[in-house]
Amino acid sequence: MRKIVLALALVSTPALATQAVMYRDPGCGCCEKWAAQVKAALGRTIKTVDESNRAALQTRLGITPPLRSCHTAIIDGMTFEGHVPIGDVKRFLAAKPKGATGLAVGGMPLGSPGMEVPGQNPQRYNVYMFGASGQTVYARH
């Protein structure tokens, strides 16, 4: 019984809840830049996993081909595909909209988090919310 109580205490420890997992195309550097921004803004440890078959993962998570990018992160059980701005991640995690499982930025828009290039104007892009309720624009940048 004592071991069970100890195991339950460890599972519910806040430190364990602060980790996020990011699956990326092997060797992609912009993914690490995005993860560093998540860590700085949310105080989350980001575990990076090189995943050569991300298409299967993306399909399982309900990420349609137009919304796919170079990395997929799972934070608090929610999915974040691509270069989603950290402010949008925070707002989404706080609200946890009903029928939504995540946010996505398809492709790799110049100027999005992790894709900043000094001296280059950022591209305009949309952040999409997706899940059982369908797919809608969540934010425009």
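The stops below cover the sheet, a helix packed on it, and a group of aromatic rings.

**Before you start.** This is a predicted model: local features need pLDDT of at least 70, side-chain atom pairs count only at pLDDT 80 or more, and totals for chains, interfaces and linings use all residues. Residues are numbered from 1 along each chain as its sequence is written, and side-chain values use heavy atoms, without hydrogens or water.

Stop 1: Show the cartoon. Seven strands make an open sheet in the order 2-1-3-4-5-6-7, with mixed pairing. Strands (E, at least two residues) and helices (H or I, at least four) are DSSP runs, numbered from the N terminus. Two strands pair if DSSP finds at least two bridges between them. Select 45–50 and 134–140: these are edge strands 2 and 7, each pairing on one side only. From one strand to the next, the twist averages 20 degrees.

**Stop 2: strands 1 and 2.** Six bridges join these two, and they run parallel. Pick methionine 22; threonine 48 in strand 2 stands opposite. Now follow the chain from strand 1 through helix 3 to strand 2: this β-α-β crossover is right-handed (with the strands pointing away from the viewer, the path from the first strand over the helix to the second runs clockwise).

**Stop 3: strands 5 and 6.** Select 102–104 and 126–131. Three bridges join these antiparallel strands. Leucine 103 has methionine 129 as its bridge partner in strand 6.

**Stop 4: helix 3.** Select 29–42. This helix packs on the sheet and touches strand 1 (19–24), strand 2, strand 3 (71–75) and strand 4 (78–81); contact means heavy atoms within 4.5 Å. Its direction makes about 165 degrees with that of strand 1. Axes are lines fitted to C-alpha atoms, for helices over the stretch in contact, and angles run from 0 to 180 degrees between N-to-C directions.

**Stop 5: the aromatic rings.** Rings of Phe, Tyr and Trp (its six-membered ring) pair if their centres lie within 6.5 Å; planes under 30 degrees apart count as stacked, over 60 as edge-to-face, the rest as tilted.

How many aromatic pairs does the structure hold? Two.

- Phenylalanine 80 and phenylalanine 92 are edge-to-face, 5.8 Å centre to centre, with 85 degrees between the planes. The former is in strand 4, the latter in helix 5 (residues 86–95).
- Phenylalanine 92 and tyrosine 138 are edge-to-face too, at 5.9 Å and 80 degrees. Phenylalanine 92 lies in helix 5 and tyrosine 138 in strand 7, so this pair ties together parts 46 residues apart in sequence.
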